[in-house]
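Here is a friendly walk through a single chain, looking at the contacts that link its parts. Have the coordinates open as you read.

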Amino acid sequence: MDSRQQWLTRLKNELSNSPLASNVAFGFILMGLEKLMELEFECPCNPTWNGVFSSAFFIIPAVMAFTLMLIIQGCRCDTRCRKSVSSIVPAVVWLILLFLDGQYFACAMTDWEGRFVLVDKAAPQKWCEPISEGNGTPQELMLRSQQLFVFSQVIGLVLLIFICVGLIGYVVREGCQQEVNMQDDNAAELSVLRMSSLQTRTS
């Protein structure tokens, strides 16, 4: 029992002290969660509810991921928390996963009634097959649905590029900061050595 407690304490310390480790761990968890949700997702195919239903999939898990990261990294409201920026990363990763999937955004933007079915010869892609031809022919609506899928994936790729650029900038900045700190430490050591050598000469 003690070893398990020590392991959990060590794991929590690692996650709270290393934003990169906690973000990577959360990223894998979110990927698994998105795959599970993808199997269960059923678009209402009702213009009144499509946007609300799909928005819940975007917003609620993202807010939960952000809140959990704040808790794991030990951020307090009464202090200035630099970790809050890195806590946003899992929420953005979640949004990227949903946008890259495509069906959540396509469902939200669907403005015709129908039933949620697999697209012929394009499994596992699903769409709202119309039950009436009031908004256009089924072929036209399928084309619109596929365009929504593509647009969603473009949004996901753009967000992914932003995350990659931010990560590269973070790594470069940390590397430069470490180099500056090392130079400052070396300069401080040299000045101490010079002072001590001068003192020995004068004495």
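## Aromatic pairs

Please keep in mind that this is a predicted model. Searching the whole structure turns up nine aromatic pairs. In one of them, the ring centres of Phe 57 and Tyr 104 sit 5.7 Å apart with the planes at 40°, so the pair is tilted. That angle falls between the 30 degrees below which planes count as stacked and the 60 above which they count as edge-to-face. The pair connects distant parts of the chain, with Phe 57 in helix 3 (residues 50-72) and Tyr 104 in helix 5 (residues 103-109), 47 residues apart.

Both Phe 57 and Tyr 104 are buried. They also belong to a cluster, in which ring pairs link Phe 41, Phe 53, Phe 57, Tyr 104 and Phe 116.

## Two disulfides

The disulfide count comes to two. One joins Cys 43 to Cys 107, with an S to S distance of 2.0 Å. Its handedness can be read from the torsion: about the S-S bond of Cys 43 and Cys 107 the value is about 80°, so this disulfide is right-handed. Cys 43 lies in the loop between helix 2 and helix 3 while Cys 107 lies in helix 5, so the bond ties together parts that are 64 residues apart in sequence. Cys 43 and Cys 107 are both buried.

The other disulfide joins Cys 45 to Cys 128, S to S 2.1 Å. Here the torsion about the S-S bond is about -90°, so the Cys 45 and Cys 128 disulfide is left-handed. This pair, too, links distant parts of the chain: Cys 45 is in the loop between helix 2 and helix 3, and Cys 128 is in strand 2, 83 residues away. Cys 45 is buried, as is Cys 128.

What about Cys 164 and Cys 176? Cys 164 counts as partly exposed because its relative accessibility is 39%, and Cys 176 counts as partly exposed at 41%.

## Salt bridges

Side chains of opposite charge can pair when their charged atoms come close. How many salt bridges does a search of the whole structure find? The answer is three. Lys 126 and Glu 42 meet through their side chains at 3.5 Å, N to O. Glu 42 is partly exposed, with a relative accessible area of 41%.

Asp 111 pairs with Arg 144, and their closest N and O atoms are 2.8 Å apart. This pair links distant parts of the chain, with Asp 111 in the loop between helix 5 and strand 1 (114-118) and Arg 144 in helix 6, 33 residues apart. Asp 111 is partly exposed at 40% relative accessibility, and Arg 144 is partly exposed at 33%. Glu 129 and Arg 115 form a salt bridge as well, at 2.8 Å from N to O. Glu 129 lies in strand 2 and Arg 115 in strand 1, so the pair ties together parts that are 14 residues apart in sequence. Glu 129 counts as partly exposed, with 26% relative accessibility.

## Transmembrane annotation

An unreviewed UniProt entry places the feature "transmembrane region" at residues 20-37, 49-72, 84-106 and 148-172. How do two of these spans look in the model? Residues 49-72 are 96% helix and 0% strand, with end C-alpha atoms 35 Å apart. The span 148-172 is 100% helix and 0% strand, and its end C-alpha atoms lie 36 Å apart.

Ala 62 is part of helix 3. Is Ala 62 buried or exposed? With 9% relative accessibility, Ala 62 counts as buried, because the cut-off for buried is under 20%. Apart from residues up to four places away in sequence, Ala 62 touches Ala 91 and Trp 94. Its C-alpha atom is 7.3 Å from that of Pro 90, although Ala 62 and Pro 90 are 28 residues apart along the chain.

Ser 145 sits in helix 6 (residues 138-202) and is buried, with a relative accessible area of 3%. Which residues does Ser 145 contact, leaving aside neighbours within four places in sequence? They are Ala 106, Trp 112 and Trp 127.

Terms used: Residues numbered from 1 in each chain as written. Predicted model: local features only at pLDDT ≥ 70, side-chain atom pairs only at ≥ 80, totals over all residues. Heavy atoms only, no water. Phe/Tyr/Trp six-rings, centres within 6.5 Å; stacked < 30°, edge-to-face > 60°. Helix = DSSP H or I, 4+ residues; strand = E, 2+ residues; numbered from the N terminus. Buried < 20%, exposed > 50% of the residue type's maximum accessible area, 1.4 Å probe, protein only. Contact = heavy atoms within 4.5 Å. UniProt positions renumbered as here; feature names shortened; annotations may be inferred. Salt bridge = Lys/Arg side-chain N within 4 Å of Asp/Glu carboxyl O. Disulfide = S-S within 2.5 Å.
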